[in-house]
Amino acid sequence: MAKNFIWGPDGVLPHIEEHTKRKLNVLKNYLDVYFDTVVRNPAQDRLNITLVDGFSGGGAYSDGAETRAGSPLVLLNAVEDAAVRLNEGREKPLEINARFIFVDDEPEHVAALRREMLGRGYAADDPRITIFEGTFVDHLPTIMQQITATQRKGRSIFFLDQFGYSDVPMSAIQTIFRSLDRAEVVLNFAIDSLLNYLQDTSADLLLYRQFGIDARFIADWQQRKDESMGRAITQRALMAHIHKNSGAKFFTPFMLWSRTDNRWMMLAHLSQHQAARDKMLGVHWQEQNSFTHVGSGGLFNLGYDTRLKESCDSLFNFSDMDRTTLNKELVNALPSEVHRIMNGGELEVSRLLSEIGNRTAGTNEDIFQVLSELAHARELEVLSSKGKPKRAGTQISVKDRLILPNQPTLFFPAKW
């Protein structure tokens, strides 16, 4: 445990680092978007959800002369704010039935969290809140049992802000997604620390094998780590292995630089639903220049990609300039992808989003915009969910379908 993340019995709060602020901002903003999205039906009067903080710490930080809420309080505040916001103007009151589970393996951190919550008016016996002392992995079976016993679909969000990379095994994430259809995981992973400590003998250790690291991976890393894009290429390969071994269909990794530790970390969002990924992606666009993605924003594949080395692509910072570039890349890349997936028939927009969801920094709205441009240029045609042609320029919907035009043009030549 780093010294700057220690909550002691003296009540002195650790100083919050800039990268921690960014992670907490993403968590808060995502929760706001999440609740606004899942409670769109005005007839809905109840939402059951469990929010799990697997590495809760002491609940608060010092930020100069101010106190900054830590992740447990961010979760609690987000639910309280959503209950107020979503009930404005509603004829039928909405109840957010949220349960909170906070876990930390440091007794002094647990004690600090209890003090912080009592000081903010939360009762020690609040039935909504469970605090476990111990490791997240040790308590995961109990957590899973509590969720599955009361929630049919297991709607839940796991915030797993581990300090390094060894405290959240892939088997734990697999357990979550194997049992809970509506679970989402926000995982912090010290990707540079792992790479920096790799040795030849690491290939024999389960800790590293679970991330897809074998003798060949280590040899490739040792060969390219001093190259200009060698680290970025290896990071991408490691991300691909983590995605594959997580059990999550959708994996959205983004990089965050820690000036304190002088290293890159990965903050990844994992889920089984494309809509959830899209909402998190929107938050990263909202947090412009706080998070980065290596390489192009159009269509890409995680894993080893020599094109990064050849082009020396810069970091994608979610800026307005990056969005302009993204649009151009998608205009060039989407037609062939649409044709490949369509295979001569019709293609549901929802399926397209699912197929390319892990391969672009573009949100659904970015993709809809490009599809609309292609339809306006007669590169493809759009049918409504009822099968009726939509006028070019009409807003694209996730329920629409795509077909090839009767007279193929530049992107869809007749030979296809």
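Helices here are DSSP runs of H or I with at least four residues, and strands are E runs of at least two, numbered from the N terminus. On that basis, the protein chain of this predicted model has 14 helices and 14 strands. The chain has 416 residues, and 53% of them are buried. Of the contacts between residues at least 6 apart in sequence, 71% join residues at least 24 apart.

**Aromatic pairs and a charge over a ring**

- The structure contains 9 aromatic pairs.
- One of them is edge-to-face: the ring centres of tyrosine 34 and phenylalanine 35 lie 5.6 Å apart, with the planes at 90°. An angle over 60 degrees puts a pair in that class.
- Both partners are buried. Tyrosine 34 has a relative accessible area of 4%, and phenylalanine 35 has a relative accessibility of 0%.
- Phenylalanine 55 and phenylalanine 136 form a tilted pair, with centres 6.2 Å apart and planes at 40°.
- That pair links distant parts of the chain, 81 residues apart. Phenylalanine 55 lies in the loop between strand 1 (46-53) and strand 2 (60-63), while phenylalanine 136 belongs to helix 4.
- Phenylalanine 136 is buried, at 2% relative accessible area.
- Tyr165, Phe189, Tyr208 and Phe211 are linked into a cluster by ring pairs.
- Arginine 263 places its charged end over the ring of phenylalanine 163, 5.8 Å from the ring centre.

**Helix 4 (residues 136-150)**

- Helix 4 has 15 residues. Its first and last C-alpha atoms are 20 Å apart, close to the expected 21 Å.
- A kink of about 30° is centred on threonine 142.
- The buried residues of helix 4 are Phe136, His139, Leu140, Ile143, Met144 and Ile147.
- In an α-helix, residues three or four places apart point the same way, because there are 3.6 residues a turn.
- The cover over the buried residues of helix 4 includes strand 1, strand 4 (95-104) and strand 5 (129-133). Strand 6 (156-160) and helix 5 (170-179) are also among the covering elements.

- Leucine 76 is located in helix 2 (residues 71-86).
- Leucine 76 counts as buried, at 0% relative accessibility.
- Leaving aside residues up to four places away in sequence, leucine 76 touches Phe100, Phe102, Met117, Tyr122 and Ile129.
- Isoleucine 129 is 53 residues from leucine 76 along the chain. Their C-alpha atoms are separated by 9.5 Å.

- Strand 2 runs antiparallel to strand 3 (residues 66-69), and 4 bridges join the two.
- Serine 62 stands opposite threonine 67 of strand 3.
- The two strands form a hairpin with 2 residues between them. In the turn, glycine 64 has a positive phi of about 70°.
- Strand 2 is covered on both faces. Ala60 and Ser62 are buried on one side, and Tyr61 and Asp63 are buried on the other.

- Strand 8 (residues 250-258) is largely enclosed by the rest of the structure, because 8 of its 9 residues are buried.
- Strand 8 pairs with strand 9 (residues 263-271) in the antiparallel sense, over 9 bridges.
- Leucine 256 stands opposite methionine 265 of strand 9.
- This is also a hairpin, with 4 residues between the strands. Asparagine 262 in the turn has a positive phi of about 60°.

- Strand 12 and strand 14 (residues 401-403) pair over 2 bridges, in the antiparallel sense.
- Leucine 347 has leucine 402 of strand 14 as its bridge partner.
- Strands of a sheet pair through backbone hydrogen bonds, either parallel or antiparallel.

Methods:
Residues are numbered from 1 along each chain as its sequence is written. This is a predicted model: local features need pLDDT of at least 70, side-chain atom pairs count only at pLDDT 80 or more; totals for chains, interfaces and linings use all residues. Side-chain values use heavy atoms; hydrogens and water are left out. Rings of Phe, Tyr and Trp (its six-membered ring) pair if their centres lie within 6.5 Å; planes under 30 degrees apart count as stacked, over 60 as edge-to-face and the rest as tilted. Buried means under 20% relative accessible area, exposed over 50%, partly exposed in between (1.4 Å probe, protein chains only). A charge sits over a ring if NZ of Lys or CZ of Arg is within 6 Å of the ring centre and within 35 degrees of the ring normal. The expected span of a helix is 1.5 Å times one less than its number of residues. The bend at a residue is the angle between axes fitted to the seven residues ending there and the seven starting there. Contact means heavy atoms within 4.5 Å. Two strands pair if DSSP finds at least two bridges between them.
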